[in-house]
Every structure is written in structure tokens, then in C-alpha cells.
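Here is a briefing on one protein model. Look over the sequence and the fold, then read the points below.

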Amino acid sequence: MSPSEPVPLVIVEGFLGAGTLFWGNFEAHSNYACQSNGEKDRKTIFASVGPVSSLHDRACELFYSLVGGTVDYGEKHAEENGHGRFGRTHQVALYPEWSADHPLHFLGHSLGGQTIIKLQWLLSTGFFGQNYHPDMILSVNTVSTPFRGTQLVYALGEETQRAPDVRPFSAGDILAKGVHIAAYLSPLLPSFLDLYVDSRRLSFRDASLTSFLGQLWKSDWAESCDAAPYDVTFDAASEREAAEEGAINTYTYYRSYCATLSHTEGSPSTSRAYSWAQKILAWPLSFTSKTIATFPFSSLRPIPAVFETLASAHLASIMRSEKTELQDGIIDVDRSGTYLSTALRANDGIVPLFSQWHPFECKFTRCRHFSHTDNVLGWDETRYGRPPDPGIWHVHHLEDAHHLSIAPVWLGTAEQKAFWKDLGHWLRAIDTVRRGPRQEISTADSR
Ligand SMILES: [Zn+2]
Ligand SMILES: [Zn+2]
């Protein structure tokens, strides 16, 4: 690839993603990302990863789909989590030249965003070997990603005091049974139902009927720490943050798009005209959004470390004025009306706002939050009047939007078109900076 060509964009889907079945002709709509600039089309790469796999497993699957070869989950990880070390073999690499000199942009929806962060962390720890470097990820772009967990997973069945245990006959338990049935029958099912459970040997070719029935009774997968549902608990987020996972990489550009439904913030919804397809998508999310907004945080025991700073945040908000600064990201749960409380309750139907920002509390990372009124979809060219800064999260808000407003289902809405156009300008701005001489990045706090 010559330096003048746009850096390709890799799309990573979220939990239960069903590949291009949902995203449709993703190249066509992601072309909004480059055609609006009049530049040569940016290559988009759709990387398929396990729809129910844990973040670790998904990151490994993503890595090997790009570089090719047999997915290696790591000897230690496989041993600790009771599944095979190796997964499927990718005969064709999606981007064999991938390196720090030939980096890639990434866009992840929901759990796809955390998958990219996990991949970057594994690259930085040398998990894939010394030939690979976190600079290979030029930009991380996330939409509605639950970086710090979501209370919805508890409402759906995860035990509030004994995660990863799942309450019997809860929605989560029923989902787990569905996953086992699909995995058992997988050799007979169409490819969009591919669960990437090769290393777990759950299909009828590998597992006996007795073991299948045993898994239906109590799932080794769903009630383990190596599964997607556990990865979105507050406990798992606390463990990741304790391990410094999700720390920014100096030369990577970070951007998060955070959606909230207006009614979860106590504001009336906008009176837009929705198509029937939009209404069908939004309908279940209006129920789950209320569950998230009214979740009893006091039921969580022990208190996840993700919330440990809440007590000091409460004091801080009393000391200061009621008007909590957005950049502080400090949430006061007890005093409704403050920004912190809103950020815990405001949500997109799946993820609370504070969790969509970025990993860690704002004070433990580098971030720049664009205000609510600075809606990214009210696109403004002046936003790109200055070169983008690497090594800092750019947090943008998607007003009165739900978890599926932007991705993965392409409906051609004005919001979706505006989103891709804005993303295109952002990626182009990064490409332009990259072509110039590399600047030494100041590590001074620029929040
Ligand atoms: Zn695993
Ligand atoms: Zn922040």
C-alpha cells in the first residue's frame, strides 16, 4: 500500500453479531466514509469473530483472521479456561501486510469496541510475539461499547453477588441453552449461525448426547469467566482496569460514540418520524433502557472496583457546585440531577452512558468529551480544522439514539449517513497527519 492510499478500515461486530447478514453490503455504506471526501475509496475489511466468544477469544480470532493461520488462544489461557488451545485455520489472511508501518483503522460496535482494545492490549504485552506492536492499530473507533460493563447483564440473569453464575431460567440462562443447541447442531446450520466454538468441541461430531444434555442443564461456557456475558459485568471491567488493560497507546487515535435515549436522561424524546424497521429495532430497547435506568446498584456485592471512586465523587460533587463538569466524569449516584447520576442511568437500551466513554475513570486516562449540544451528527466541517490528537479519547455523543441506531443494521437513515460521513472525515484527517513527519507527543495532560 502506498502512503497516499487511505489506511483500510476493519469492522468488528458485537455480541451475537451475525456477520454481513446484519451489516449487509457494508462496503457500500461505509463508502460514505470516503466518498464524501472525494478521495479514493477506503478499503473496508469485515472481520468475523465469535458472536458469543469472550473478549480474549474474540481478540485472538480477530488477530488471526487478519494475519492468517490457525487461531492460537495461548497455552496458558486454554489450560486455565478448559478449552482447546487452537481454533480454526484462516487459509486466506485478510491483511497479511499488517504491521506498524502498514497499520489499520478499526471500528467496533458494542462488544466489538472492547475486542479491539483487548487486541491492542494483547499486542502490547507481546502475546502474539515480538514482531507485533500496538502501533499496528492506527485508530480505535467505537460505537455504544460497554467498556466498563453494563447493569443489563445482571438484569438478564448474571448473579449480582456470584458472577459468573447465572440465575436458572433467566433470559441469560435461556440464551445459554440456545447457544448450546446451536453449537451442538452447528455442522448442519447455515454459516451466519457460526458460533466459533471449534476449540470447545460442543458439536455432535465431538460431544456425546449426555454431555450435550449436561451442558443444557449447567453450561460450562455461560457460567465461566471466559464468555462474553461475564466480560460485560462490572467485576470483569474492574479486573481489566486493575491489570491496566485499556491504557492508551501514544500513537493511536481514539474515538468513542456514545448513544443515549432521551427518556433515560429525563428529557422528552425527539418527535422524529420513524420507519417501521426503526420502530421494530427500538421497541425492545425501550423496555431494557428502563431496566437499566432503574437498576438497584446496591444489590451488587462486593462493590465492584469500577464504583469505588463513587464515594469520593459524591463528596467532590458536594464540595463543588451542582453543575458537575462533563470532563470530570465523576458520577454522583445519590444526587439525581447531577451529571454523574445521569451517566449511570442514561443509556442506549443496552449500555449506560459512563461505560460507553472509554476504559477507566476520566482521571485515570486521557480524554476530551464533546458536550451534549455538540452532537456529532450535527456535522460541522470546522471540527476538522485542526489536526487530530493521538493518545487521547475523543468522546462524542449521539443524541436520542439507541444501541442499534448506527450499527449493525443498515437502514440508510440520516443519522447513519451523517455518522459514516463524519467518521470518513476523521479517518482522513488521521491519514493526513500520518503522511507527515511523526510528531513527538507531549504526555502532559490535555484534558
Ligand atoms: Zn478462551
Ligand atoms: Zn473521559
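Two strands pair if DSSP finds at least two bridges between them. Helices (H or I, at least four residues) and strands (E, at least two) are DSSP runs, numbered from the N terminus. This is a predicted model, in which local features need pLDDT of at least 70, side-chain atom pairs count only at pLDDT 80 or more, and totals for chains, interfaces and linings use all residues. Residues are numbered from 1 along each chain as its sequence is written, while chains are lettered from A and ligands numbered from 1 in the order in which they are written.

**The sheet**

- Seven strands form an open sheet in the order β2-β1-β5-β6-β7-β9-β8, with parallel pairing.
- Its edge strands are β2 (44-47) and β8, each of which pairs on one side only.
- From one strand to the next, the twist averages 20°. Axes are lines fitted to C-alpha atoms, for helices over the stretch in contact, and angles run from 0 to 180 degrees between N-to-C directions.
- Strands of a sheet pair through backbone hydrogen bonds, either parallel or antiparallel.

**Strand pairs**

- β6 and β7 run parallel and are joined by five bridges. Here T142 stands opposite S256 in β7.
- β7 also pairs with β9 in the parallel sense, over six bridges. Y254 has W393 in β9 as its bridge partner.
- Three bridges join β8 to β9, and these strands run parallel. R368 has H394 in β9 as its bridge partner.

**Burial of β7**

- A residue is buried if 20 or more other C-beta atoms lie within 10 Å of its own, exposed if 12 or fewer, and partly exposed in between; C-beta atoms are placed from the backbone.
- Seven of the seven residues of β7 are buried, so this strand is largely enclosed by the rest of the structure.
- Y253, R255, Y257 and A259 point one way from β7. Y254, S256 and C258 point the other way.

**Helix α16**

- α16 lies across β1 (9-12), β5 (104-109), β6 (137-143) and β7 (253-259). The helix runs at about 165° to β6. Two residues are in contact if their C-beta atoms, placed from the backbone, lie within 7 Å.
- How far apart are the end C-alpha atoms of α16? They are 32 Å apart, which agrees with the 32 Å that its 22 residues should span at 1.5 Å a residue. The expected span of a helix is 1.5 Å times one less than its number of residues.
- The buried residues of α16 include F419, W420, L423, W426, L427 and I430.

- The peptide bond from A407 to P408 is cis, with omega near 0°. P408 is found in the loop between β9 (393-398) and α16 (414-435).
- D400 sits in the loop between β9 and α16. Its phi is near 40°, a positive value in a residue other than glycine. D400 counts as buried because it has 21 C-beta neighbours inside 10 Å.
- F360 has a phi near 75°, a positive value in a residue other than glycine. This residue is in the loop between α15 (353-357) and β8 (367-369). F360 is buried, with 23 other C-beta atoms within 10 Å.
- Is D101 buried or exposed? D101 counts as exposed, with 11 C-beta neighbours inside 10 Å. D101 lies in the loop between β4 (86-90) and β5.
- D101 and D135 are 34 residues apart in sequence. In space, their C-alpha atoms are 8.5 Å apart.
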